[in-house]
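Hi everyone, thanks for coming along.

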Amino acid sequence: MKAAAILLFAASALQASATVAPPVEFEQRIGTQLPMNAVFRDESGRPVTLGSLFEGKPQVITFNYLRCPELCSLVASGATEALRQLRATAGRDFGVITISIDPTDTPTMAAAWARDTVSRYGRRGAPRSWHVLVGRQPDIEAVAGAAGFHYRYDERSKQYAHPTGLIIVTPSGVVSRYFLGIDFEPKALSTAIDRAAHGKTGESVFDLVFVCFSGGTPAGKYGRLIWTVLSASVTVTILGVFGGIGWMLWGERRKWA
C-alpha cells in the first residue's frame, strides 16, 4: 500500500510537470515603429488613429484589459504613482495611452478606467492627453505585436495571459524604452521620457517579468531558464521517487525470498 501511494504521488507530480506556462513575454523591440494608422475607439467612443493622439509628444503606453482580475490594476497604479512623482506633467510634456487587448471591452468601460486613473494622477490638463483605447482584434494585434507584447487568451479560464510593464515611445511612434513589472522607478522613467521627447532610444532592460494570469509565472529569457530549472528539479524528484519505489520493492522481494 505504501508503495502504491508513492506511485500515485509520482504520477501526480509527473502530470503537474507537464503543465506548461502560458507562452507570453514582453519582447524588447527598441527602435521599432508602431503602426500609427491603427484605428481604435477612445474613452468617449470616437474613432481615432493611434498617431492622432501623440500631438508631438512622447507617450507612455500600457497594454491591459479592462476586466482583468489579476495584475492590470497594479500596473496602472504603479505607473500612475511613478508619473505623479515626476516634474514633467501629462498633457504638457507627455501623453499616456492604455490599449485594451480584449476586443470585447467597450468605450464605457474605457471611460470608467480613464476617470479612475486620471483622478489618482490628480494633475490639471491630464484628461486631454490620457487615453484608454478599445478596438478590433487586428488593430490590437498590430500594435501589440510591433511593441513585442505577446499575450494569449485562455479559453478555460476566460482570461488573458500577458506580461506586465509599459513602454516609452517617441513622438514619431518609435519604441524607445521598456519598463517591466508593476513597480517603476520615477527617476529612470523621467529620464526615459526626456530621451524619447528628443527622439532617442534607450537600452534593453533585465527581462524577468510577471505574467498576468491565474497561476502566472515569470516569463522572458530568464523566465524560460527558471522553468527549465524547475522542470529539471521535478524530473530529478520523480526519478528519485521511482528509484525509491524500486529499492523498496527489491527489499521486500529479498525479505520474502
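I'll go through the cavity, then the nonpolar cores, then the cysteines.

First, some housekeeping. This is a predicted model, so to speak of local features we need pLDDT of at least 70, side-chain atom pairs count only at pLDDT 80 or more, and totals for chains, interfaces and linings use all residues. Residues are numbered from 1 along each chain as its sequence is written, and side-chain values use heavy atoms, with hydrogens and water left out.

Now, the cavity. By that I mean a set of points on a 1 Å grid over the protein atoms alone where a 1.4 Å probe fits but cannot get out, and its lining residues have an atom within 4 Å of a point. Points are joined across faces, edges and corners, and volume is the space filled by probe spheres set on them. How many cavities of 30 Å³ or more does the structure hold? One, and the largest cavity has a volume of about 80 Å³.

Its lining has 13 residues, with Thr62, Ala76, Ala79, Val96 and Thr98 nearest the centre. At least two lining residues come from each of β4 (59-64), α2 (72-84), β5 (95-100) and α3 (107-121); these are DSSP runs numbered from the N terminus, helices being H or I of at least four residues and strands E of at least two. Helix α2 gives the most, five residues. By type, the lining has eight nonpolar residues, five polar and no charged.

On to the cores. A nonpolar core here is a set of buried Ala, Val, Leu, Ile, Met, Phe, Trp, Tyr and Cys residues joined through side-chain atoms within 4.5 Å, and buried means under 20% relative accessible area with a 1.4 Å probe, protein chains only. The largest has 37 residues, and Ile61, Phe63, Ile99 and Ile167 have the most contacts inside it. Its largest share, five residues, is from α4. Leaving aside residues up to four places away in sequence, Ile61 touches Leu34, Phe54, Ile97, Ile99, Leu166, Ile167 and Val169, where contact means heavy atoms within 4.5 Å.

Lastly, the cysteines. A search of the whole structure finds zero disulfides, a disulfide being a pair of cysteine sulfur atoms within 2.5 Å.

Terms used:
On a 1 Å grid over the protein atoms alone, a cavity is a set of points where a 1.4 Å probe fits but cannot get out, and a pocket is an open set with protein on both sides within 12 Å along at least five of seven lines; lining residues have an atom within 4 Å of a point. Ala, Val, Leu, Ile, Met, Phe, Trp, Tyr, Cys and Pro count as nonpolar, Asp, Glu, Lys and Arg as charged, and the others, Gly among them, as polar. Buried means under 20% relative accessible area, exposed over 50%, partly exposed in between (1.4 Å probe, protein chains only).
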